[in-house]
Amino acid sequence: MVRQILEKCSEFGIELHSLFIDFKQAFDKVSRPRIYESLKMLKSPTKLIKLVKTTLTNSRAVVEIYQGRTDVFNINNGVRQGDALSTILFNLVLEAALLKTDLRGNISARTKQLCAYADDIVIIARMQKALKETFITLQKEAEKLGLIINTKLNTCS
């Protein structure tokens with residue numbers, strides 16, 4: 001989808017700026033209270049929210065390493081790794097945050113657009129100022145969720 005947007009804008013001579021965003025340990029860091037708030041904001045049924053709370057409450061884990069196992073410890077943040085519900089919950093929480101950025105529509109009719117897949121996001125804007133404003137709004141909303149944007153530069157070799 002992003003490639004098609006870039007190709008069409010290039011074809012019609014539309015200036016475009018893109019910023020790709022990755023969150024640090026996104027599935028581990030998302031705030032559980034924010035999960036419940038996001039579900040409520042998205043008008044999820046109360047019964048479903050209670051079931052999600054039940055699933056995440058009193059999460060405990062043990063890490064097995066070559067030399068043995070760690071002691072059992074509590075998990076108070078994030079979603080359960082490997083659980084089918086994890087991706088759905090994370091996407092719903094991110095959706096609630098993205099709704100606050102007011103980016104409905106697409107780049108052909110607006111000056112900025114946001115595309116997301118799981119925890120990877122790209123902001124596309126026609127002007128650098130719009131890109132910066134959108135990034136700052138997204139960063140603030142993400143921090144409320146317990147998400148930190150990864151600023152480490154990764155290069156492909």
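1. E7 is partly exposed, at 43% relative accessibility. Its side chain meets that of R3 in a salt bridge, 3.1 Å from N to O. R3 counts as exposed, at 59% relative accessibility. Both residues lie in helix 1 (residues 2–11), 4 residues apart, or about one turn of the helix. The model is predicted, and the points below should be read with that in mind.

2. Helix 1 holds another such pair. The side chains of E11 and K8 form a salt bridge, 3.5 Å from N to O. Here the spacing is 3 residues, again about one turn of helix 1. E11 is exposed, with 53% relative accessibility. K8 is partly exposed, with 47%.

3. A further salt bridge links K144 and E141, whose closest N and O atoms are 3.2 Å apart. These two are 3 residues apart in helix 6, so about one helical turn separates them. K144 is partly exposed at 43% relative accessibility. E141, at 11%, is below the 20% limit and therefore counts as buried. The salt bridge count for the model comes to 5.

4. On the overall fold: the protein has 6 helices and 8 strands. Along the sequence they run α-β-α-α-α-β-β-β-β-α-β-β-α-β. Among contacts between residues at least 6 apart in sequence, 62% join residues at least 24 apart.

5. An open sheet of 4 strands has the order 6-7-1-8, with antiparallel pairing. Strand 6 (112–117) and strand 8 (148–149) are at the edges; each has a single partner strand, so one side of each lacks a neighbour in the sheet. Strand 1 and strand 7 pair in the antiparallel sense over 6 bridges. In this region L19 stands opposite I123 of strand 7.

6. What is the size of the largest nonpolar core? This core has 29 residues, and F23, I35, I121 and L147 have the most contacts inside it. At least two core residues come from each of strand 1 (17–24), helix 2 (26–29), helix 3 (32–41), helix 4 (46–56), helix 5 (84–99), strand 7 (120–125) and helix 6 (128–144). Helix 5 gives the most, with 6 residues.

7. F23 deserves a look in the viewer. Neighbours within four places in sequence aside, F23 contacts L94, D119, I121, A142, L147, I148, I149 and N150.

8. Buried residues make up 33% of the 157 residues.

9. Which residues make the nonpolar surface patch of about 240 Å²? V63, I65 and F73 do. I65 is found in strand 3 (residues 64–65). Its relative accessible area is 46%, which lies between the 20% and 50% limits, so I65 counts as partly exposed.

Note on methods:
Residues are numbered from 1 along each chain as its sequence is written. This is a predicted model: local features need pLDDT of at least 70, side-chain atom pairs count only at pLDDT 80 or more; totals for chains, interfaces and linings use all residues. Side-chain values use heavy atoms; hydrogens and water are left out. Buried means under 20% relative accessible area, exposed over 50%, partly exposed in between (1.4 Å probe, protein chains only). Contact means heavy atoms within 4.5 Å. A nonpolar core is a set of buried Ala, Val, Leu, Ile, Met, Phe, Trp, Tyr and Cys residues joined through side-chain atoms within 4.5 Å. Patches are made of residues with over 30% relative accessible area and no salt bridge: like charges are joined within 9 Å, nonpolar side chains (Val, Leu, Ile, Met, Phe, Trp, Tyr) within 5 Å. Accessible areas come from the Shrake-Rupley method with a 1.4 Å probe; for residues, only the protein chains shown count as cover. A salt bridge is a side-chain nitrogen of Lys or Arg within 4 Å of a carboxyl oxygen of Asp or Glu. Two strands pair if DSSP finds at least two bridges between them.
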